[in-house]
Amino acid sequence: MNEKFSFIILTFNEEIHLARLLESIKNLNAQTFILDSYSTDKTLEIAANYDAEVLQNPFENHPKQWDFALKNFKVTTPWTIGLDADQTVTPELFEMLDNFNDDEHTGINGIYLNRKNFFQGSWIRFGTFYPFYLLKMFRTGIGFSDLSENMDHRFIVPGKTEIWKKGWILEENLKENDIAFWKSKHERYSDLIAQEEIERMQKLRIQSIKPNLLGNPDEKRAWLKRLWWKLPLGFRPYLYFGYRMFFKLGIFEGATGIKFHYLQSFWFRQLVDKKIKALQKTNK
């Protein structure tokens, strides 16, 4: 058994994805923990086939689910890697993990991994989506889930981090080949974000990460989010879509990529803003 790190994975009806992920990490011989949200498909059967330890917990949002996972699995390795079920580990990242030596990372509490995001078979390489660094590997007992947001989830570690620019995570949600699924999922997400932004306006939520445009990837994103919250509702989706299309070269993405940027940076953000305005009227 791998004594360097363990994996934690969140699932809900992930039979289309889970075997793909578990196969990509199988030969690392690391203990694998799965927190499931009461799947009704073959997810648990697949988990059992790979000898994963499974717990179940009702899903409220991603940050709270990760918080539950980190607090309830008995991880004994010095490092933990948190992955989503629709991600896979590339051979390059596999090799880096296989050769991982804790002694070479003295004083480091977290490691950012580089993600390649795919939508309907196309790699989204422009429009801010690549390179995209996610804190996915952290010292057990030190990393924790950021509960300051309703939808976006991230791990936080105190102290120093490092970035692995090579050795990628591939992320592709095959369920999103059905655009109706994508829209339904983002309808739910828009409710979570709209409520979160109302609570920020009421000073009921504060950022866990100190915004810093020149800081680590999460500090930079925190700075950009703080700017986003100050922009006028209804106008900011136009600004964001234009920024991704032209300044960040999304226009060169191809038809599928452009559709993704439109849906993710304009349609979805407009939906959020409409729901925020509706909540503001209700709260008056």
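Setting aside neighbours within four places in sequence, His-186 is in contact with Glu-176, Trp-267, Phe-268 and Leu-271, where contact means heavy atoms within 4.5 Å. This is a predicted model, with local features needing pLDDT of at least 70 and side-chain atom pairs counting only at pLDDT 80 or more, while totals for chains, interfaces and linings use all residues. Residues are numbered from 1 along each chain as its sequence is written, and side-chain values use heavy atoms, with hydrogens and water left out.

His-186 sits in helix H5; helices here are DSSP runs of H or I with at least four residues, strands are E runs of at least two, and both are numbered from the N terminus. His-186 is buried, at 7% relative accessible area (buried is under 20%, exposed over 50%, partly exposed in between, with a 1.4 Å probe and protein chains only).

H5 (residues 179-201) packs against H8 (residues 255-283) at about 45 degrees, the axes being 8 Å apart. Axes are lines fitted to C-alpha atoms over the stretch in contact, and angles run from 0 to 180 degrees between N-to-C directions.

Elsewhere, there is the largest nonpolar core, with 27 residues, of which Phe-5, Phe-7, Leu-97 and Met-137 touch the most other members. Such a core is a set of buried Ala, Val, Leu, Ile, Met, Phe, Trp, Tyr and Cys residues joined through side-chain atoms within 4.5 Å. H1 supplies the largest share of this core, four residues. Not counting residues up to four places away in sequence, Phe-7 touches Ile-25, Leu-28, Ala-30, Gln-31, Thr-32, Phe-33, Ile-81, Leu-83 and Leu-97.
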